[in-house]
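Biologist: Please put the model on the screen, and then we can go through it with questions.

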Amino acid sequence: MGCKGNKATLTILTSGRISSQKNPSLFNAIALSFKDYPQVSFVWVGEGELSHCLTANNITITGWVSKEETNKYYSVADIYLSTALWEGLPFL
């Protein structure tokens, strides 16, 4: 686990609109499986119509933030977790 000060923590992050495509129920289930581990936290950078599905106490929903603030969240996260049911890639 990464060390933030004297407290060992593990931060697991995802980002995007909280919608069915991103499968927030799975993200929530994974967070719930760590409910007895206070050193593990989950962050969802974004917001959306299914934010009510993220009920685990160890999840922080940031809402929409600037690109600079998003980059700060990414820089301190230990793991990026994608629970998306499908993802697209841009055409070059």
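**Rings, core and charged pairs**

Biologist: Is Phe42 buried or exposed?

Modeller: This is a predicted model, and the value is computed from its atoms. The relative accessible area of Phe42 is 0%. Buried means under 20%, so Phe42 counts as buried.

Biologist: How many aromatic pairs are there, and which kind do Phe27 and Phe42 form?

Modeller: The count of aromatic pairs is five. The rings of Phe27 and Phe42 are 5.7 Å apart, centre to centre, with 90 degrees between their planes. Planes over 60 degrees apart count as edge-to-face, so this pair is edge-to-face.

Biologist: How many residues apart are Phe27 and Phe42?

Modeller: Phe27 is in helix H1, residues 24–32. Phe42 is in strand S3, residues 40–45. The pair thus links distant parts of the chain, its members being 15 residues apart.

Biologist: Which kind of aromatic pair do Tyr74 and Tyr80 form?

Modeller: Their ring centres lie 6.0 Å apart, and the angle between the planes is 20 degrees. Planes under 30 degrees apart count as stacked, so Tyr74 and Tyr80 are stacked.

Biologist: Are Tyr74 and Tyr80 buried, partly exposed or exposed?

Modeller: Tyr74 has a relative accessible area of 34%. Tyr80 has 43%.

Biologist: Which residues do ring pairs link into a cluster?

Modeller: Phe27 and Phe42, the edge-to-face pair, both belong to the cluster. Joined through ring pairs, its members are Phe27, Phe34, Tyr37, Phe42 and Trp44.

Biologist: Which element supplies the largest share of the largest nonpolar core?

Modeller: That core has eleven residues, among them Phe27, Phe42 and Trp44. At least two core residues come from each of S2, H1 and S3. The largest share is three residues, and the element that supplies them is S3.

Biologist: Why would nonpolar side chains be found together in a core?

Modeller: Ala31 is one of the core residues, and its contacts beyond four places away in sequence include Phe42, Ala56 and Ile59.

Biologist: What is the relative accessible area of Asn28?

Modeller: Asn28 is in helix H1. Leaving out residues up to four places away in sequence, Asn28 touches Cys53, Leu54, Thr55, Ala56 and Ile59. Asn28 is buried, and its relative accessible area is 6%.

Biologist: How many residues apart are Lys22 and Glu87?

Modeller: Lys22 and Glu87 form a salt bridge with their closest N and O atoms 2.7 Å apart. Lys22 is in the loop between S2 and H1, and Glu87 is in the segment after strand S5.

Biologist: Are Lys22 and Glu87 buried, partly exposed or exposed?

Modeller: The relative accessible area of Lys22 is 16%, so Lys22 is buried. Glu87 is at 46% relative accessibility, so Glu87 counts as partly exposed.

Key: Residues numbered from 1 in each chain as written. Predicted model: local features only at pLDDT ≥ 70, side-chain atom pairs only at ≥ 80, totals over all residues. Heavy atoms only, no water. Phe/Tyr/Trp six-rings, centres within 6.5 Å; stacked < 30°, edge-to-face > 60°. Helix = DSSP H or I, 4+ residues; strand = E, 2+ residues; numbered from the N terminus. Buried < 20%, exposed > 50% of the residue type's maximum accessible area, 1.4 Å probe, protein only. Contact = heavy atoms within 4.5 Å. Salt bridge = Lys/Arg side-chain N within 4 Å of Asp/Glu carboxyl O. Core = buried A, V, L, I, M, F, W, Y, C linked by side-chain atoms within 4.5 Å.
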